[in-house]
Amino acid sequence: MKKISKYLLEKWYVYAFAIGCLVIKVSLDMLSPQITKRMIDDVIGKGQKEIFPMLLFGVFFIGVGRCVFGYLQEFTFDRVGSEIAMDIRRRLFDHIQSLSMRYFNNTNTGELMSRVKDDVDKIWGSLTYISMLLVEVIFHTSVILVCMYRLDRGLFLIPVIAMPMVALFAIMMEKKLGNVYEEISEENAALNTVAEENLAGVRTVKAFAREKFEIRKFLSHNKRYYELNMKQSKVLVRYQPLFQAITKLLPVIVIIFGGHRVIEGKITLGTLGAFVEYSMNIVWPMEMLGWLFNDFAAAVASNEKLKKIYRQYPEITEPKSPERLENVKGNITFEHVSLELDGHSILRDISFDLPAGKTLGIMGETGAGKTSVIHVLQRFYDVTGGKILLDGKDIRKLPLHQLRRSIALVMQDVFLFSDTVEENVRFGKRGEVLREEVVASLDCAEAKNFVERMESRYDTLIGERGVGLSGGQKQRISIARAIAKRAPILVLDDSTSALDMDTERQIQENLRNVTDVTKIIIGHRVSSVRDADEILILQDGKVAERGTHETLWEKKGIYYQTCQIQGEVI
Amino acid sequence: MAVNATRTDEQVQTVSKRRTLARMFYYLLAYKKQVVAVLTIMLVSVVITLINPLIIQQAIDVYIAGEDWHGLKRLGIVAVLLNLTLVLLVKMRMYIMAKVSNEVLLTIREELYTHIQTLSFQFFDSRPTGKILARIIGDVNSLKEVLSNSVTTLIPDFITILSVVGIMFVKNWKLAAAALSSLPLMILGVAFVQSKSHIRWQIHRKKGSNMNAFVHEDLSGMYVVQSFGAEQETKQIFEELLQEHKDSFVDAVRYADAFGPIVDFCWGLGTMVLYFFGVNMILDGMLQVGTLIAFGTYISMFWRPVMNLSNFYNQLVTNIAGAERIFEILDTKPDLTDGETACEMPEITGAVSFRHVTFSYEKEKEVLKDVSFEIEPGQTVALIGPTGAGKSTIVNLICRFYDIQHGQVCIDGRDVKSVTIESLRSQMGIMTQDVFLFSGTIRENIRYGRLEASEEEIIRAAKAVHAHEFIMKMEKGYDTELKERGAGLSAGQRQLLAFARTMLSEPKILILDEATSSIDTHTELLVQKGIEALLKGRTSFVIAHRLSTIQNADRIFRVDNGGILELNSFEEIEK
């Protein structure tokens with residue numbers, strides 16, 4: 001994680017420029033009473049008419065100057081702040097994408113979304129208007145303090161006592177608010193999570209007519225969010241008036257003590273008048289300070305949330321100097337592979353040898369570990385025993401990128417992006433896949449016909465997760481997406497389940513013609529695996545039966561029974 | 001149905017800004033008492049603030065000049081008490097206002113969310129989830145400051161401005177006119193900037209929404225992204241979206257940041273004109289110096305609230321784009337509603353009939369054309385046909401997830417439109433290909449089918465679909481916490497849980513849309529037996545491609561080309 005201070009240091013010249021503009025603006029502000037004084041004293045009092053136009057121009061010039069420098073200052077702060085925020089967001093996204101499956105399984109989408117969006121927004125605010133106003137407040141106050149010091153050192157004691165009190169209150173408030181904002185940020189994430197889950201599962205919600213239940217669930221979080229916001233307001237209500245009290249009482253106290261000093265003859269009445277005026281000018285910066293610290297506390301709390309994500313490291317990493325394969329042929333070997341997750345044994349002693357260009361079929365009961373075989377092959381989890389070799393090399397020694405990209409996977413749960421059909425097929429190799437290849441892949445997946453029947457054909461927008469397409473259509477596009485990758489290994493994880501038999505048969509036929517690709521086919525239908533060079537039947541994470549269609553048939557075991565139920569013959 | 005993709009901007013209906021504003025402040029009307037209280041407090045505060053200079057004047061002119069130390073002390077005590085009262089009032093005002101604005105936010109979000117729940121699939125299908133989320137969370141939050149500032153800034157500042165202008169005109173109308181001469185210029189300038197920045201803030205919100213949608217999609221599809229090794233690609237898209245988001249911000253602040261400077265400029269200009277006329281009038285002997293000095297004070301008393309107001313206006317313009325997006329959803333009429341005469345659906349016996357049903361998702365693209373059939377209670381109906389032929393559409397219509405264009409869908413002889421949606425759907429059990437599980441325990445997930453179900457009933461349902469075995473194998477059994485979407489379970493296990501959930505709801509009509517596709521053949525057989533036992537004699541619709549699944553169907557329909565054809569026997573499929 002790149003620290004905020006580092007960003008500020010990097011962009012110091014931009015901030016210096018913005019602060020420079022700010023200083024000029026405030027200084028011009030301080031000039032204007034001088035001009036008024038000269039107009040009254042010199043032009044009217046002494047009749048020096050010749051300097052009048054110049055003074056008038058001076059007034060105008062101050063207005064223009066404040067306008068120009070004020071604009072430059074604000075715009076520069078906004079601009080540099082947005083650039084830094086953009087970079088923070090970019091890095092955060094990058095980091096999140098590098099994390100492992102286990103992290104995503106344990107973290108809610110809605111929560112991560114609120115980190116990337118809302119929490120970065122808070123930090124963004126602190127980089128733009130908060131820091132700008134803070135600088136302005138500090139500068140303004142310092143100038144006034146200097147003026148006060150020069151006027152009378154005795155009275156100067158009053159603000160000298162008051163300022164640390166203000167600072168103390170500010171720090172106390174920031175600390176209290178920090179805790180509340182921590183909770184608010186947490187609840188914001190919870191709100192996001194509940195709403196996200198509801199929206200993503202809207203079909204289930206509606207199917208069970210559970211709208212009221214869902215509303216209640218959300219409302220309890222909404223209520224809690226409200227309560228936390230009220231808690232924040234209460235802290236603010238407790239401290240903010242303290243700033244007000246100090247700033248309002250300052251002139252009064254100055255008057256009392258200053259008056260005493262005047263009566264004692266230590267200072268003149270004029271000095272006291274000026275001092276009072278200065279102490280009134282300190283009012284708005286001090287009041288502002290309360291608000292600024294409030295927003296600042298929110299930003300700090302959000303930054304803490306980001307730090308928490310950065311403390312997560314990807315579990316699956318590649319070695320420092322990965323051994324890149326010249327060109328992946330697709331020989332896969334599992335050597336006594338086992339996998340344990342959270343104390344549960346998922347895979348036990350799985351071995352097979354799949355030479356390049358051959359096909360492996362995997363069948364087995366629900367939860368037997370079929371998909372886990374693919375997970376360990378693509379290193380979503382690392383094996384806890386044995387090893388997996390790709391072209392004779394342990395996959396843990398390969399560059400992760402190379403490993404994953406040499407395996408084109410069609411998943412059980414089809415996930416399509418809300419983008420055009422063409423872009424979906426291209427996904428993963430956006431820059432490389434040509435239109436012809438997209439069409440050819442769709443053709444191979446028996447999807448070309450229905451895509452061409454759609455109004456905008458290949459440019460048809462697909463809704464999120466493929467909404468608007470039937471289950472079988474989604475599966476076919478996802479098969480096309482894998483084929484278009486032209487990877488040496490193709491994995492079909494139960495990916496023809498929603499297809500009618502004719503289409504399935506046709507796709508199988510098409511895939512058979514794609515030689516020189518190593519294939520792993522997971523399925524429940526005998527028809528999808530029967531032509532494989534080897535078929536594994538998994539049971540409780542172990543290989544229960546193995547062989548070809550014929551040898552397994554002969555065995556009269558699980559496979560044979562399945563064939564019987566499905567009406568398959570030898 | 002036009003689908004909005006992640007990377008394309010949404011079309012937000014533009015309504016007049018005034019209406020959006022009026023609507024936003026309408027929420028404050030519910031808090032009349034509080035608003036009045038705040039305004040009263042503000043009035044008292046303004047009075048005290050105005051008294052403060054008088055006290056100082058009194059202290060200097062009378063007591064200090066007269067060297068009356070005791071008098072000064074007494075006055076000092078009064079001043080301290082007065083100002084402490086002021087602080088107390090500020091405290092009250094802040095509290096009331098915070099409560100009001102937070103409550104309004106609570107209400108708006110509640111309304112928005114409740115309203116979204118009434119919308120039909122057409123709404124959800126046509127936009128990415130992340131964009132709806134952006135409205136529920138971000139856009140609502142953006143209104144907070146505007147709401148609280150509206151009462152505390154808008155009204156008091158207007159009062160101050162009006163009274164200062166009044167005093168100036170009473171004292172010397174010529175000088176007042178001179179001092180305010182730059183006001184029209186300011187109004188023009190602010191109006192110009194406003195018109196430019198408003199559109200840009202709208203765009204900025206849309207870009208933020210795109211970004212949110214993309215993050216949502218990327219996170220939801222992380223497995224796909226990582227499996228395809230497409231991190232660089234998605235990163236690139238995200239960076240493009242980020243860039244657009246940032247650029248749209250810079251583009252907007254380029255104008256919005258001019259609000260303050262324009263006021264500053266006009267302030268300077270007005271002061272110059274004031275002094276030009278003022279000094280000349282003094283030199284001509286038409287004006288006293290004291291009046292000009294007083295006007296100098298008035299003019300800053302005038303411009304400071306103007307500056308505040310322009311800041312507030314800027315904030316308003318920035319955030320009104322969020323309000324527009326909220327109200328747009330609130331204005332989306334749910335297209336599937338209970339008719340005015342809708343009654344509760346009595347217990348369904350299970351007769352389903354389609355009478356000349358014609359349906360299309362999009363205009364002119366009919367998915368079903370003049371489809372008619374009658375199903376008697378207790379029959380099992382298999383729907384077969386090529387993918388995309390409309391099998392799922394038929395079952396969606398039985399549940400009234402969409403309304404048909406022509407014809408009638410009846411259950412037990414009642415048009416599905418004539419009964420309340422909730423009473424209809426709660427008697428249906430639909431299992432689709434896409435299983436959705438919620439985060440929470442396994443028990444809670446099954447209980448979703450019937451919220452008041454007992455522990456025994458939950459276990460019975462799980463046993464019926466053979467989910468009980470694998471649940472018990474887990475360390476915490478039914479108390480196992482499921483992660484989002486049921487991550488950690490296999491696809492088949494998720495399907496079994498969803499099955500148990502549907503069984504628990506004891507549907508009068510059961511719809512299985514490829515519901516067993518991820519379950520192995522052996523388990524599938526057991527599940528079927530379980531369902532049969534549990535739902536004996538119920539009408540059911542089965543969509544499946546595996547013959548084994550539909551072997552026991554009473555009737556078989558082949559759906560193709562928008563039409564439907566009944567097959568006489570199982571053997572006929574083989575052709």
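How many residues does the contact take from chain A, and how many from chain B?

## The contact between the chains

In this predicted model, the contact takes 131 residues from chain A and 133 residues from chain B. On the side of chain A that touches chain B, the largest share comes from helix α8 (residues 211-263) of chain A, which supplies 27 residues. Sorted by class, that side of chain A has 60 nonpolar, 43 polar and 28 charged residues.

## A helix pair across the contact

Two packed helices are described by the angle between their axes and the distance between the axes. For helix α3 (residues 52-98) of chain A and helix α11 (residues 259-283) of chain B, the axes come within 8 Å and cross at roughly 175°. Angles over 145 degrees count as roughly antiparallel, and α3(A) and α11(B) are therefore roughly antiparallel to each other.

The residues of α3(A) that meet α11(B) include Phe52(A), Leu56(A), Val59(A), Phe60(A), Arg66(A) and Glu74(A). On the side of α11(B), the residues that meet α3(A) include Pro261(B), Asp264(B), Phe265(B), Trp267(B), Met272(B) and Phe276(B). Taken by class, the residues of this contact divide into 16 nonpolar, 5 polar and 3 charged.

## Domains and annotated spans

Chain A is divided into domain 1 (153-314), domain 2 (332-406 + 487-566) and domain 3 (419-478), and the centres of domain 1 and domain 3 of chain A, taken over C-alpha atoms, are separated by 52 Å. Chain B is divided into domain 1 (17-331) and domain 2 (352-574), with 54 Å between the centres of these domains, again taken over C-alpha atoms.

For chain B, an unreviewed UniProt entry lists residues 36-318 as "domain: ABC transmembrane type-1". In the model this span is 91% helix and 0% strand, and its end C-alpha atoms lie 27 Å apart. UniProt (unreviewed entry) also places the feature "transmembrane region" at residues 35-60, 72-90, 151-169 and 175-193 of chain B. Residues 35-60 of chain B are 100% helix and 0% strand, with end C-alpha atoms 38 Å apart, while residues 72-90 of chain B are 100% helix and 0% strand, with end C-alpha atoms 26 Å apart.

For chain A, UniProt (unreviewed entry) places the feature "transmembrane region" at residues 12-31, 51-72, 123-147 and 154-173. The span 12-31 of chain A is 100% helix and 0% strand, its end C-alpha atoms lying 28 Å apart; the span 51-72 of chain A is 95% helix and 0% strand, and its end C-alpha atoms are 31 Å apart.

## Buried helices of chain A

Helix α11 (residues 370-377) of chain A is mostly covered, with 8 of its 8 residues buried. Among the buried residues of α11(A) are Lys370(A), Ser372(A), His375(A) and Leu377(A). This helix is followed by Arg379(A), whose phi is positive, near 60°.

In helix α14 (residues 435-444) of chain A, the buried residues are Val438(A), Val439(A), Ser441(A), Leu442(A) and Cys444(A). These buried residues of α14(A) pack against α13 (421-426), α15 (448-453), α16 (471-483) and α17 (501-512) of chain A. Just after α14(A), Glu446(A) takes a positive phi of about 60°.

Val120(A) lies in helix α5 (residues 109-151) of chain A and is buried, with 23 other C-beta atoms within 10 Å. Leaving aside neighbours within four places in sequence, Val120(A) is in contact with Ala85(A), Ile88(A), Arg89(A) and Leu92(A). The C-alpha atoms of Val120(A) and Leu377(A), which are 257 residues apart along the chain, are separated by 36 Å.

## Two aspartates with positive phi

Most residues other than glycine have a negative phi. Asp494(A), although not a glycine, has a positive phi of about 45°, and is placed in the loop between β7 (489-493) and α17 of chain A. Asp412(B), likewise not a glycine, has a positive phi of about 50°, and is found in the loop between β4 (406-411) and β5 (414-415) of chain B.

Which of the terms buried or partly exposed applies to Asp494(A), and which to Asp412(B)? Asp494(A) has 27 other C-beta atoms within 10 Å and is buried, whereas Asp412(B), with 17 C-beta neighbours inside 10 Å, counts as partly exposed.

Definitions and conventions: Residues numbered from 1 in each chain as written. Chains lettered and ligands numbered in written order. Predicted model: local features only at pLDDT ≥ 70, side-chain atom pairs only at ≥ 80, totals over all residues. Domains from an automatic or database assignment. UniProt positions renumbered as here; feature names shortened; annotations may be inferred. Helix = DSSP H or I, 4+ residues; strand = E, 2+ residues; numbered from the N terminus. Contact = placed C-beta atoms within 7 Å. Nonpolar A, V, L, I, M, F, W, Y, C, P; charged D, E, K, R; others polar. Buried ≥ 20, exposed ≤ 12 C-beta atoms within 10 Å, placed from the backbone. Axes fitted to C-alpha atoms, helices over the stretch in contact; angles between N-to-C directions. Parallel < 35°, antiparallel > 145°, perpendicular 65-115°, else oblique.
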